[in-house]
Amino acid sequence: MEHLLTTQFWLGLGTIIWVNIILSGDNAVVIALAARSLPERQQKLAILWGAAAAVVLRIILTIVAVKLLELPYLKLVGAAALLWIAVQLLIPEADGGAEVESSSHLIGAIKTILIADLVMSTDNVIAVAAVAKDSILLLVLGLVISIPLVIFGATLLMKLMERYPIIITLGAAILGWTAGEMAVTDPAIAQWVRAHMEWMESFYVAPIIGAVLVVVVGKWIAARKRPPLP
């Protein structure tokens with residue numbers, strides 16, 4: 001119980017919820033599309049059961065990811081993947097996208113929701129596993145709170161992100177911070193870092209570099225992709 005009263009626990013929980021919300025916008029849209037052909041009452045049931053199944057699946061996958069990140073070099077790989085995910089958040093998406101097959105049957109819609117969430121959740125799993133570190137309680141609470149929030153508040157959340165892009169920029173910076181922190185704690189190099197470059201961890205230099213790198217590179221690529229003014 002003492003663990004629950006620490007500032008670090010609540011900051012971690014808030015970060016998991018925030019990161020998962022920012023990374024799950026597309027998942028929420030897919031879930032809505034998968035259930036669109038059902039009668040109204042069944043739509044709600046499909047989204048409810050699909051969301052519940054997605055929570056369970058995401059928790060299992062993320063626990064596996066947390067355990068895998070304990071192996072040498074995998075945190076370095078995860079940090080690189082997290083930096084890429086964070087940069088992508090800041091780059092405008094092209095119009096269009098994959099069509100999502102809707103189902104006229106409740107079970108079919110739930111299956112579509114579950115498969116879609118599984119396919120689209122790699123970035124969420126890596127990010128949440130990195131933020132949760134070795135706290136399974138933090139991980140489970142964060143996902144249980146954030147996934148239903150995303151699914152049932154998808155429209156509002158996307159409007160807020162469109163109106164206040166700083167939300168996405170801060171989310172990307174948090175992922176960059178997490179990537180920097182994760183890289184220097186990889187079992188393969190952690191001991192060397194503590195012996196020769198302790199300041200990288202002690203003074204949050206690596207996390208700050210990760211956050212700044214993501215924002216600078218992401219904004220630079222976004223500016224280059226922006227069409228020139230007439």
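How many helices and strands does the protein have?

## Fold

The protein has twelve helices and zero strands. Helices are DSSP runs of H or I with at least four residues, strands are E runs of at least two, and both are numbered from the N terminus. Along the sequence the pattern reads α-α-α-α-α-α-α-α-α-α-α-α.

This is a predicted model: local features need pLDDT of at least 70 and side-chain atom pairs pLDDT 80 or more, while totals for chains, interfaces and linings use all residues. Residues are numbered from 1 along each chain as its sequence is written, and side-chain values use heavy atoms, without hydrogens or water.

## Packing and surface

Of the 230 residues, 41% are buried (under 20% relative accessible area, 1.4 Å probe, protein chains only). Take contacts (heavy atoms within 4.5 Å) between residues at least 6 apart in sequence: 87% join residues at least 24 apart.

The protein exposes about 13300 Å² (Shrake-Rupley method, 1.4 Å probe). Carbon and sulfur atoms supply 69% of that area.

## Second largest pocket

The second largest pocket has a volume of about 540 Å³. Its lining holds 19 residues, and Q8, G12, V131, K133 and E181 are the closest to its centre. A pocket is an open set of points on a 1 Å grid over the protein atoms alone, with protein on both sides within 12 Å along at least five of seven lines; lining residues have an atom within 4 Å of a point. The volume is the space filled by probe spheres set on the points.

Helices α1 (7-23), α6 (122-132) and α9 (166-183) each give two or more residues to this lining. The largest share, five residues, comes from α1.

Methods:
Buried means under 20% relative accessible area, exposed over 50%, partly exposed in between (1.4 Å probe, protein chains only). On a 1 Å grid over the protein atoms alone, a cavity is a set of points where a 1.4 Å probe fits but cannot get out, and a pocket is an open set with protein on both sides within 12 Å along at least five of seven lines; lining residues have an atom within 4 Å of a point.
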